[in-house]
Amino acid sequence: MNKLLLFTKTLRLANLLMLALVQFIVSHYFVQDYNLFHLILISLSTGLIALGGYLLNDVQDLAIDAINEKLKWINSNNKDKWLKISFGLLMIGLCLGFWASYLSQLYFFIVFTLAALSLIIYAYVLSKWKFVGNLLISLLISLAILLCFYLEVNHLDFNRKFYGFDELDMLIYAAIAFLLNWLRELVKDIEDLTGDRMMKRLSLPVLIGANATAFIVGLVLLFFICIFTYLAFQNPSMISEKIYLLGLVFNTLVVIGFLFRAKKTEDYHTTSSLLKFLMFLGLLLPIFYSLF
């Protein structure tokens, strides 16, 4: 694998950019009148904390990644250096989180602190109980989205009554991010089933089997199909919205098709990538609604 590509993959740049994009969407389309500097502080803080957690987890997962043939920039020769880097990133992220909280409401810093501690606990303890760890990681992603909304609203001292309806939309948006990320983690666990069994890690596929886990993923995706279809036909006059939402339905069906046809590790990796693309398209919904 190309060294630059390997380094980019290790840093999870695609995931971090997606998180920053979603936080921008939240500020621009849900908060609307936001402070750009404050948003940058929040994005940098959550991004650095997430990156520190990713790298810390990679250091702890060297043995299992070798079994699953997952190439990473981090190896046994440089793991001590990357361990220091990961904790350094977590500390810088916390400092920026304190600054962002200070400009809004200081008690929000508790969320940044709990997020960093949770990632450390996940890397050292909960990664052995992956079915719990996956829920935690998905929850932290949805919290990063909600945190951006509430920090901005409190920072600018808006009329909370005005944001009552948008707040419900925001919660639904965060819930969609939680579910789609959780489903992707489950598919990745099916992909890593061999290594998880050898290292005695309790992922959902290890506990109930790959087929039963795939069935759960497919069932939740069918729920999304129902939601997207309902939204598409809720307002018959909005043709452009209908086309976009039906496009999401089609993409969800493609993911389900690949999921139930998957037999090899490479097949599940492809399904995971398709699910990530679906998550990206789903989280772009606020932009699409604002354009038409």
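Tutor: Happy to. Contact means heavy atoms within 4.5 Å. With that cut-off, among contacts in the protein chain between residues at least 6 apart in sequence, 74% join residues at least 24 apart. Please keep in mind that this is a predicted model, in which local features need pLDDT of at least 70 and side-chain atom pairs count only at pLDDT 80 or more, while totals for chains, interfaces and linings use all residues. Residues are numbered from 1 along each chain as its sequence is written, and side-chain values use heavy atoms, with hydrogens and water left out.

First, the setting. Helices (H or I, at least four residues) and strands (E, at least two) are DSSP runs, numbered from the N terminus; the protein chain has 14 helices and zero strands. Buried means under 20% relative accessible area, exposed over 50%, and partly exposed in between, with a 1.4 Å probe and protein chains only. By that test, 49% of the 292 residues of the protein chain count as buried. The accessible surface (Shrake-Rupley method, 1.4 Å probe; for residues, only the protein chains shown count as cover) comes to about 14,700 Å², and carbon and sulfur atoms hold 70% of it.

Now the interior itself. A nonpolar core is a set of buried Ala, Val, Leu, Ile, Met, Phe, Trp, Tyr and Cys residues joined through side-chain atoms within 4.5 Å. The largest one has 80 residues, and V26, M170, Y173, L183, L221 and L248 touch the most other members. Helix α8 (residues 164-191) gives the most to this core, with eleven residues. In soluble globular proteins, nonpolar side chains tend to be buried together.

Not counting residues up to four places away in sequence, L221 touches L183, T252, V255, I256, L275 and L278. L221 is also one of the buried residues of α11, which include V217, G218, V220, F224, I225 and F228.

In α3 (residues 36-60), 19 of the 25 residues are buried, so α3 is largely enclosed by the rest of the structure. The buried residues of α5 include W82, L89, L90, G93, L94 and L96.

S203 sits in the loop between α9 (193-198) and α10 (204-208), yet counts as buried at 0% relative accessibility. Leaving out residues up to four places away in sequence, S203 touches K130, F131, D189 and D196. G133, in helix α7 (residues 130-155), is buried with a relative accessible area of 0%, and beyond its neighbours within four places in sequence, G133 is in contact with Y122 and L126.

Finally, the cysteines. C148 is buried, with a relative accessible area of 0%, whereas C95 is exposed at 51%. The structure holds zero disulfides, a disulfide being a pair of cysteine sulfur atoms within 2.5 Å.
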